[in-house]
Amino acid sequence: MRVLISGASIAGPVLAYWLTRHGFTVTVVERSPALRKTGGHAVDLFRPAMDISERMGVLARVEEMATRVDRMTVHREGARKPFAVDLGKVYRAASDRHVEIMRDDLSEIYYDATRDDVEYVFGDHLTAIDAEEGTVVFEHGPPRRFDVVVGADGLHSGVRRLVFGPEAGVFIGAYLAVLSVPRERAVVGEYVGHLGAGRMAGVYAAEHMTDARAVFLFRAERELDCHHRDVPRQKRLLREAFAGMHGDVDGWLDELDATPAFYFDSITQLRADTWSRGRVTLVGDAGYCPGPAVGGSTSLAVVGAYTLAGELAEAGGDAGRAFAAYERAMAGPVRGARAFALGSARTLIPRTPLGAWALASGARLVSALPTALTRSLARLNQRGVRLYDSMAVKDYLGARTPRRERPTRR
Ligand SMILES: Cc1cc2nc3c(=O)[nH]c(=O)nc-3n(C[C@H](O)[C@H](O)[C@H](O)COP(=O)(O)OP(=O)(O)OC[C@H]3O[C@@H](n4cnc5c(N)ncnc54)[C@H](O)[C@@H]3O)c2cc1C
């Protein structure tokens, strides 16, 4: 059985790995000319995604590339002193098995685990799909036919547009931008930031990184008039949103014209209850993005990819049966992630100075309490901070046996 996956970031390579392990023949087409190694913020892997990574034989590399950014110092607009947060303690409360890792490092690890067994086609994308027949047209390559076609091509998925029509995302009130800045602008292992009503900016670096990343989150009452590929306008909007916040923030924004990597997107949530048609389905952000930066979308994408591959294997490649089982298995986690994302968007980017004060006070409290107490309190909250750890991952045929770690290829 031949499967085509569109998108080679997180969901795409994880799905490719599990499909080849279950005996499918896999092609991945990625729009960008090479693996997107630059740009983006750190992402979180919680217990289920860590367990899946272990079964893939890549856990040691994932842990080796962890950011280890475990301290946070935040200056609140209008306050005299900054507040400090023990991030390690916050992560330990949220998860028994967690790693923070740069998105591009994680993508490369999953890609490396599949590159010998999968046909990767970079610099191309689909322009037409016949969902019933499985025939596809590429922008550059010749048309081909596949038994199953999967969109793993992110929030602005081309597969979703071609098969289901224009985007139906719901804007949840904020924007995220990340840019690469010189490493000297950050303290290794520490996030240093500024928080005000409706906006938050910070910078950090990990030991193994050659640059630092500046992250910006800001509120907007309605969606701004800006296409997701219009970079000059995105940079203008970012400068406007953070004007006059602090000299540090001005310094990070000064790097905007020179930065080699820039990511900007609206925090948009996809709300569709079904994401399969004929021989086509969607995985990760393409199908059920809960909202970048606020909803644990990377862990959800890893769990979704593993589940889709497992259901296809259990159904012997019968797309109809497999997709129905996959959507049933993911319905609970997707609903949970959507609710979690709405709550964390409200908390992380407070609308008012009072909200910013409440966030600072809450963070201070978590840092001051003993770890055992924060863990016990968190465990009571399986729909909130413990949402991801409480997601059950099914054992599919032979998926439990961990693969031996592959030697690192650099
Ligand atoms: C460069 C980059 C930076 C990011 N930075 C952040 C961040 O800072 N914070 C955050 O919360 N999330 C970020 N994300 C999104 C984050 O990776 C996802 O939310 C999550 O990991 C789920 O991954 P995914 O594989 O489903 O989708 P994504 O990671 O969005 O990957 C989609 C992939 O599909 C490719 N693609 C897009 N359109 C097409 C097409 N038509 N044909 C073929 N391929 C296509 C893209 O190039 C990309 O490689 C970033 C994604 C990218 C690609």
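Start with helix H1 and H10: within what distance do their axes come, and at roughly what angle do they cross?

A: The model is predicted, with local features needing pLDDT of at least 70 and side-chain atom pairs pLDDT 80 or more, while totals for chains, interfaces and linings use all residues. Residues count from 1 along each chain as its sequence is written, and side-chain values use heavy atoms, without hydrogens and water.

The axes of H1 (residues 11–21) and H10 come within 8 Å and cross at roughly 30°. Helices here are DSSP runs of H or I with at least four residues, and strands are runs of E with at least two, numbered from the N terminus. Axes are lines fitted to C-alpha atoms over the stretch in contact, with angles from 0 to 180 degrees between N-to-C directions. H1 is therefore roughly parallel to H10, a term for angles under 35 degrees. Their crossing is right-handed: the near helix is turned clockwise from the far one by less than a right angle.

Next comes H2 (residues 47–55). Its axis and that of H10 come within 8 Å, crossing at roughly 50°. That makes H2 oblique to H10, the class left over once roughly parallel, roughly antiparallel (over 145) and roughly perpendicular (65 to 115) are taken out. H2 and H10 cross in the left-handed sense.

H10 and H11 pack at about 155°, and their axes are 8 Å apart. The two helices are therefore roughly antiparallel. H10 passes H11 in a right-handed crossing.

H10 also has a place at the ligand. Among the 27 residues around the ligand, Ser9, Glu30, His41, Asp285 and Ala293 come nearest; a residue is near if one of its heavy atoms lies within 4 Å. H10 gives the most to this shell, with three residues. The shell holds 11 nonpolar, 10 polar and six charged residues.

Polar contacts are pairs of N or O atoms within 3.5 Å. A polar side-chain atom of threonine 298 lies 2.8 Å from a ligand oxygen. Two or more shell residues come from each of strand S2 (25–30), strand S12 (170–182) and H10 (297–314). Aspartate 285 has a side-chain N or O atom 2.5 Å from an oxygen atom of the ligand. A ligand nitrogen is 3.1 Å from a polar backbone atom of arginine 31. The protein covers 93% of the 900 Å² of accessible area that the ligand has on its own, by the Shrake-Rupley method with a 1.4 Å probe.

Methods
Polar contact = N/O pair within 3.5 Å; in protein donor to acceptor, adjacent residues only side chain to side chain. Nonpolar A, V, L, I, M, F, W, Y, C, P; charged D, E, K, R; others polar.
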